[in-house]
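Visitor: Hi there! Could you walk me through this one?
Guide: Happy to, let's bring it up.

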Amino acid sequence: MSQSKLAAPELAAIDIHGVSRQSFIMRGAVAAGSVYGLSAVGPFVRAAIAQDGGGDVDILNFALTLEYLEAAFYTQGLKQVRGLAGDAKSLATEIRDNETAHVRALTKTIESLGGKPVKAPGVDFGDAFSSPKAFLKLAQTFEDTGVSAYNGAAPMIESTDVLGAAGSIVQVEARHAAAIRLLNGQPITDGAFDKSLEMQDVLDAVKPFVKS
Amino acid sequence: MTGALQELAEDPGDRKRFLRMMGGAGAASALAIFIAACGGDDEESSSASSGSSTTMKSGGSTKGDLAIVQYALTLEHIETDFYNAVIDSGVVKDQALAETAKMIRDNEQEHVDALTATVKKLGGTPKPPKTNFDAVLEGGEKMVLETAATVENLGAAAYLGQAGRIKSKEILAAALSIHTIEARHAAALNTVVGKTIVPDGAFAKPASMAEVLPKIKPFLA
């Protein structure tokens, strides 16, 4: 069982610079053309955004939402998918452990930045648990989407330490993605450069699985 | 695509548009757009551009970014040369594995091409390293596969180690888009050689230049 550890322990001691959400949005609008439309964020992230904590907190809460989804997916899948065995089961177990650790670390990081972590969203994965094949198919989508989500959000991160943490996590998501693709008989990459997704597009992609 | 290229070249500071392109146009072509937009009339090698909205928004930090991109390019050359040497030698007998090596080689070659163009756009001169993998090849298929795994994991760690040092958001986005590809390669090769896909556990560890350079030295001629 992997031990949860902060990707960058020094985050715990990070100064809170008191960047208000208002100033972040202004800066975001000027500097980045509002890459991700905060107004379009779903209810499960809105709660955290109401709390001042700066742009990095918003991004971390976005990541936390995705990690909650993934952790729930693998946790529930391991219990519910009949016939899940061998390499697929081992991999799902490893990934579940990793995602659970990501949830813990992101929660701690957000708190250390003075932000309010989002709560675990209600989830519904439909018939993804009906067979190992269906489970692994959705797993591949989640991991690939996670990679694109982190890669899309990372350039907006202001703190170098938070960027390091995001990079540390996205690398693991990419490793997951490749391993699942191998099991699915799929190419391990889709081209030579991983795509980025804007937050809005990621939220749209995962909306079907979120109940709250 | 040409219209989009021109648009981005004319307003190269628009990160939002760039990032949209990364998702919509396909990352490879988007990277080409990014590289084109970083050059041309907007190429700023001096810090005099601090007042204007330049492509790289980097002012005097282009030098730092250039050094990082040249470093990444060196690593990509080593990887490409390695896979080419492996493929040419025929030491990997398994068909599926040989195909994987070719696919990875193709990815690395695209990285070389993109980073070479970026070095030039930043005003640098690409210097491909001279490499030699005889010792690895002589070790046979098992040694070759283990070396491949080692190199990919090292490459991923190297990119992660540089992410926080890159000043230009555009170059950072490009580096991140390569970083996760190296991670995919690493995970696949780890599986092939019977190692865990996540040797560092839930959080990948970065490697600094000082840590990486001695490890690639054996492959330099």
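Visitor: What share of the contacts in chain A with a separation of 6 or more comes from residues 24 or more positions apart?
Guide: In chain A that share is 81%. Two residues are in contact if their C-beta atoms, placed from the backbone, lie within 7 Å. Please keep in mind that this is a predicted model, where local features need pLDDT of at least 70, side-chain atom pairs count only at pLDDT 80 or more, and totals for chains, interfaces and linings use all residues. Residues are numbered from 1 along each chain as its sequence is written, and chains are lettered from A and ligands numbered from 1 in the order in which they are written.

Visitor: What pLDDT does chain A average?
Guide: Chain A averages 82, with 74% of the residues scoring at least 70; pLDDT is the predictor's confidence in each residue, from 0 to 100. Residues 1-53 of chain A have a pLDDT below 50, and this stretch has 96 contacts in the model beyond near neighbours in sequence.

Visitor: How many helices and strands does chain A have?
Guide: Seven helices and zero strands. Helices are DSSP runs of H or I with at least four residues, strands are runs of E with at least two, and both are numbered from the N terminus. Of the 212 residues in chain A, 54% are buried, where buried is 20 or more other C-beta atoms within 10 Å of a residue's own, exposed is 12 or fewer, partly exposed is in between, and C-beta atoms are placed from the backbone.

Visitor: And chain B, how many helices there?
Guide: Chain B has nine helices and zero strands. Buried residues are 48% of its 221 residues. For contacts in chain B between residues at least 6 apart in sequence, 74% join residues at least 24 apart.

Visitor: Back to chain A: at roughly what angle do α3(A) and α4(A) cross?
Guide: Helix α3 (residues 55-80) and helix α4 (residues 86-112) of chain A cross at roughly 150°, and their axes come within 8 Å. Axes are lines fitted to C-alpha atoms, for helices over the stretch in contact, and angles run from 0 to 180 degrees between N-to-C directions. The two helices α3(A) and α4(A) are therefore roughly antiparallel; under 35 degrees is roughly parallel, over 145 roughly antiparallel, 65 to 115 roughly perpendicular and the rest oblique.

Visitor: Which residues make the contact of α5(A) with α6(A)?
Guide: First the geometry: the axes of helix α5 (residues 132-153) and helix α6 (residues 160-183) of chain A come within 8 Å and cross at roughly 150°. The contact includes A:Leu136, A:Val147 and A:Tyr150 of α5(A), along with A:Ile169, A:Val170 and A:Ile180 of α6(A).

Visitor: What about α7(B) and α8(B), how far apart are their axes?
Guide: Helix α7 (residues 140-163) and helix α8 (residues 169-192) of chain B have axes 8 Å apart and pack at about 155°. That makes α7(B) roughly antiparallel to α8(B). Among the residues that meet are B:Leu145 and B:Tyr159 in α7(B), and B:Leu172 and B:His179 in α8(B).

Visitor: Last one: is B:Ala101 buried or exposed?
Guide: B:Ala101 counts as buried because it has 22 C-beta neighbours inside 10 Å. B:Ala101 is in helix α5 (residues 95-121) of chain B. Leaving out residues up to four places away in sequence, B:Ala101 touches B:Tyr83, B:Val86, B:Ile87 and B:Val92.
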